[in-house]
Every structure is written in structure tokens, then in C-alpha cells.
Amino acid sequence: QVELMESGGGSVQSGGSLRLSCVYSGHGYDRDFMGWFRQAPGKKRESVAAIASDGTTTVYEETVGGRFTISRDSAKSTLFLQMDDLKTEDTATYYCASDLTYGGATVPDLNPLNYRYWGQGTQVTVSS
């Protein structure tokens, strides 16, 4: 069983920065592909960024590329999302996810339907 706990959300002004963390509890951290996703009120969950199990490969949704950076720390079993130059449209609840539902992955996956475990989310609010 895997448990994920996000933290680091908050309220910032447009142009500001936040760093989200997701602590992974359980076995298999070093084998699991992971990702960040977000959901705004009234909208469906959308992808943000994903990272391979060894941290060497990352992918980003086009809307956040160049502003957000996903990374992971094996020693701390923690996933991070550094968010810079935040915009009002980045306002959402951010979720981390782990463990793809299929085996043999070689590249990170931005499809939220393909992840097995999810955290409870952390709220990010960006004001103008």
C-alpha cells in the first residue's frame, strides 16, 4: 500500500513562486513513475508534469513548460514541483500520483487515468 501526502500550497500573487512536496510512504518509491496533476473548480483533472522512476526523464504540460520543474529525491522519498512565474490560471488543487497501472513504461506518463495512487491534494491560489 502506498500513501502520498502533498504540502506546500498557499496563496501568492501573480509572478510569485511556490514549491510543492509529496511524501511517498510505502514500498517501491524508486520503481514508481510519478506525476503532478491539478483540478480547478468545475473543471476536469488535468496533467501538469511527470517524471520517470529514476528521475532522469521529465515531461510537462505545454501550459506550464518553462515555469514549473518536477524533481524527486530518492533519499527522502519525496516528489517536488517548483512553480515559478505563477499565473492566475494556475489556481487549482494540486495532486501527486504514483505507480502506473501498466508495466514496462520507459517514458513519463501525463495521463491521470494511468496512475494507481493519489494524494489528498494541496490548494494553490494565485491572485492578480
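Q: What makes the 4 strands in the order 1-3-8-7 a sheet?
A: In this predicted model, the 4 strands form an open, antiparallel sheet. A strand here is a DSSP run of E with at least two residues, numbered from the N terminus, and two strands pair if DSSP finds at least two bridges between them. Strand 1 and strand 3 (residues 18–25) are joined by 5 bridges, so they pass that test. Strand 7 and strand 8 (residues 78–83) have 6 bridges, also antiparallel.

Q: Why are strand 1 and strand 7 called edge strands?
A: Strand 1 (3–7) and strand 7 (68–73) each pair on one side only. Phe-68 stands opposite Met-83 in strand 8, and Ser-7 faces Ser-21 in strand 3.

Q: Why is Val-48 called buried?
A: Buried means under 20% relative accessible area (exposed is over 50%, partly exposed in between; 1.4 Å probe, protein chains only). Val-48 comes in at 0%, so it's buried.

Q: How do you know which residues Val-48 touches?
A: Contact means heavy atoms within 4.5 Å. Leaving out residues up to four places away in sequence, Val-48 touches several, including Trp-36, Tyr-60, Phe-68 and Leu-110. Val-48 and Phe-68 are 20 residues apart along the chain, with C-alpha atoms 8.5 Å apart.

Q: What lies behind the numbering and the values?
A: Residues are numbered from 1 along each chain as its sequence is written, and side-chain values use heavy atoms, without hydrogens and water. Local features need pLDDT of at least 70, side-chain atom pairs count only at pLDDT 80 or more, and totals for chains, interfaces and linings use all residues.
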